[in-house]
Amino acid sequence: MERNSNTMSCDMGGLRPAMLDLPYPPTQVECRNPDYAALLSFDYCGPVSEMSAITQYINNENRLFLTACPLARTLLGIAMAEMMHLQKLGELIQLLGGEVSFSARQPGGKPLLWTPDYLALSKDARRMLCADLEAERDAIAQYNAHIRKIRDECVNAVLRRIIRDEEYHIMLLQGLMAEL
């Protein structure tokens, strides 16, 4: 860390997304399907979603960068990977004929507007990591449930690739937990 006037600085230069070095399948769909888009809207911005993950990781990084720079850097790297997932889901939703917004949409149901109430925030690093681990596991379970409902191999290939990153995040978070 470098001393910067009255504060400590955590250098985030050169930070890359914390994701597997594997290509993503092409972002395409077999055909338009608004029901599949509605399912993906929950992955995009529902209670268990990439939007929630990004916001929670960024909040945790902001709370830790002054006192735990390596931990903060890892969390920011994971947030960057989650941003890539959000972008892929947004493209799929559009291709499926859905609308990208900050609300998850049940077919024929009322939109569920994203809210920070979905987040598990703490000032304690161990509790942060526990909440992040739980969120990653919940995301994987939700993606697997959506894969079972979606009969579009193009969409499912992207979801399976996202799951691989989420599994990698679990490994990283478990390693951080062991260091605390």
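Predicted model: local features only at pLDDT ≥ 70, side-chain atom pairs only at ≥ 80, totals over all residues.
Local features need pLDDT of at least 70 and side-chain atom pairs count only at pLDDT 80 or more, while totals for chains, interfaces and linings use all residues. Residues are numbered from 1 along each chain as its sequence is written, and side-chain values use heavy atoms, with hydrogens and water left out.

Helix H3 covers residues 69-95 (helices are DSSP runs of H or I, at least four residues, numbered from the N terminus). Its 27 residues should span 39 Å at 1.5 Å a residue, and its end C-alpha atoms are 39 Å apart, which agrees; the expected span is 1.5 Å times one less than the number of residues. Gly97 follows H3 and has a positive phi, near 95 degrees.

H3 packs with H4 at an angle of about 25 degrees, the axes being 13 Å apart (axes are lines fitted to C-alpha atoms over the stretch in contact, and angles run from 0 to 180 degrees between N-to-C directions). H3 is therefore roughly parallel to H4, a label for angles under 35 degrees. The crossing of H3 and H4 is left-handed, meaning that the near helix is turned anticlockwise from the far one by less than a right angle.

H4 (residues 125-149) also packs with H5 (residues 153-179), at about 160 degrees and with axes 9 Å apart. The two are therefore roughly antiparallel, the label for angles over 145 degrees. The residues of this contact divide into 13 nonpolar, five polar and seven charged (Ala, Val, Leu, Ile, Met, Phe, Trp, Tyr, Cys and Pro count as nonpolar, Asp, Glu, Lys and Arg as charged, the others as polar).

Of its 21 lining residues, Pro47, Val48, Ser49, Ser52 and Ala135 are the closest to the centre (on a 1 Å grid, a pocket is an open set of points where a 1.4 Å probe fits, with protein on both sides within 12 Å along at least five of seven lines; lining residues have an atom within 4 Å of a point). H4 gives the most to the lining, eight residues.

Note on methods
Parallel < 35°, antiparallel > 145°, perpendicular 65-115°, else oblique.
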